[in-house]
Amino acid sequence: MVIAYGVANLLQSVAASRTKLHTSCNPKLLMRLASQRVYLYGVAFQIVGFLLAFVARRDLPLFLVQSAASAGLGVTAVCGVLILRWKLPKAEVGLLALLFGGLFALVISAKPATAHGIGSGGLGALLGWLAAIAVAGVFAARLHGAPGSVALGSLAGMAFSAAAVAGRPLASSHSIAEFVSSPLLYVLIGASLLGQLLIGLAMQRGSTTAAVASMDAAAAVPAAAIGLLFLGDKIYPGREWVAALGFFITLAAVIGLTRYAEPQHHHATKEPARPRALTAGPRALKARALAARHVAARTAVARPMPAGPAARSGPARR
């Protein structure tokens, strides 16, 4: 799951960088991205990671599965350095090491258990949660640069967190008929599509590291809390402090990565270039006018004179 998600993030970020910048939360972005083969490869890897995560949620608590998914950020960063020649600061490398250290603490403290079911009240809460995320995404899509990347990535993480909450009890279905007829399946699909749209917008506005780190942080906290409070997630007795420390380290490392949000892809339609062009416009026009006058003057001086006495006496007269 970790490797699949990491490769998926890398491929989808490449596709997002090659797509025209969208300034609104428009589903047409997914259609534009789907026209690129590299994006479809990324979706294939993401589906593999999603299926592996879905199987893991059958017995493992959400605070472990969601935090493990964030470790895909390390795979994305390493692949970006090796393949796309990304530049990662030393502090970012240290935060990635902390990320894996926190994940190890979660692994040794998580206790497998079957999830509890959620009733109609929980289903209604999930639907309201997704509606609020969609509305917030419309306004967040107007942001640019690192703020837009972090905001949209966070909303994408919340959408994927709702999908994880729906998937934990859904994974315990006893038959295919029960699985297909469960409304949680369609909540999971809707939440995944919404998260996919938002993370695509986030990757267009800043670095992949910032977008994915924000997504992972927002996906881990709500799912972990809901899993422990309502879904029956458990921790080995006596290791509660290990789980808390591991979760805190993982979350702090992921959030800390957003500080180093240097854009790694540049768009031809990038918005910040417009004010610069407007500021330099009058100066450029003045320079062009002076250059045109200079060229015209030199042309008039160098223009060949007709043969004859007047022409020969011209230079002496001047």
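This is a predicted model: local features need pLDDT of at least 70, side-chain atom pairs count only at pLDDT 80 or more; totals for chains, interfaces and linings use all residues.
Residues are numbered from 1 along each chain as its sequence is written, and side-chain values use heavy atoms, with hydrogens and water left out.

**Helix α6**

- Helices (H or I, at least four residues) and strands (E, at least two) are DSSP runs, numbered from the N terminus.
- α6 covers residues 90–109, 20 residues in all, and spans 30 Å from its first C-alpha to its last.
- That is close to the 28 Å expected at 1.5 Å a residue, the expected span being 1.5 Å times one less than the number of residues.
- An α-helix has 3.6 residues a turn, so residues three or four places apart point the same way.

**Salt bridge**

- The whole structure holds 1 salt bridge, defined as a side-chain nitrogen of Lys or Arg within 4 Å of a carboxyl oxygen of Asp or Glu.
- The partners are Arg 168 and Asp 233, with their closest N and O atoms 2.8 Å apart.
- Because Arg 168 lies in helix α8 and Asp 233 in the loop between α11 and β2 (234–235), the pair ties together parts that are 65 residues apart in sequence.
- Arg 168 is buried at a relative accessible area of 0%, and Asp 233 is also buried, at 6%.

**Pockets**

- On a 1 Å grid over the protein atoms alone, a pocket is an open set of points with protein on both sides within 12 Å along at least five of seven lines, while a cavity is a set of points where a 1.4 Å probe fits but cannot get out; lining residues have an atom within 4 Å of a point.
- Grid points are joined across faces, edges and corners, and a volume is the space filled by probe spheres set on the points.
- The largest pocket has a volume of about 640 Å³.
- Its lining has 27 residues, of which Gln 46, Phe 50, Phe 160, Ser 192 and Gln 196 are the closest to its centre.
- α10 (183–205) gives the most to this lining of the largest pocket, 7 residues.
- The second largest pocket has a volume of about 210 Å³.
- Of its 14 lining residues, Gly 117, Pro 169, Leu 170, Ser 182 and Leu 184 are the closest to the centre.
- α8 and α10 each supply at least two residues of the lining of the second largest pocket.

**Cavity**

- There is 1 cavity of 30 Å³ or more, and the largest cavity holds about 40 Å³ of space.
- Ser 67, Ser 70, Asp 216, Ala 217, Ala 220, Phe 247, Thr 250, Leu 251 and Val 254 line the largest cavity.
- Two or more of these lining residues come from each of α4 (62–70), α11 (208–230) and α12 (240–257), and α12 has the largest share, 4 residues.

**Met 1**

- Met 1 lies in the segment before α1 and is partly exposed, with a relative accessible area of 22%.
- Leaving out residues up to four places away in sequence, Met 1 touches Gly 49, Leu 52, Ala 53, Val 65, Ala 68 and Ala 69, where contact means heavy atoms within 4.5 Å.

Definitions and conventions. Buried means under 20% relative accessible area, exposed over 50%, partly exposed in between (1.4 Å probe, protein chains only).
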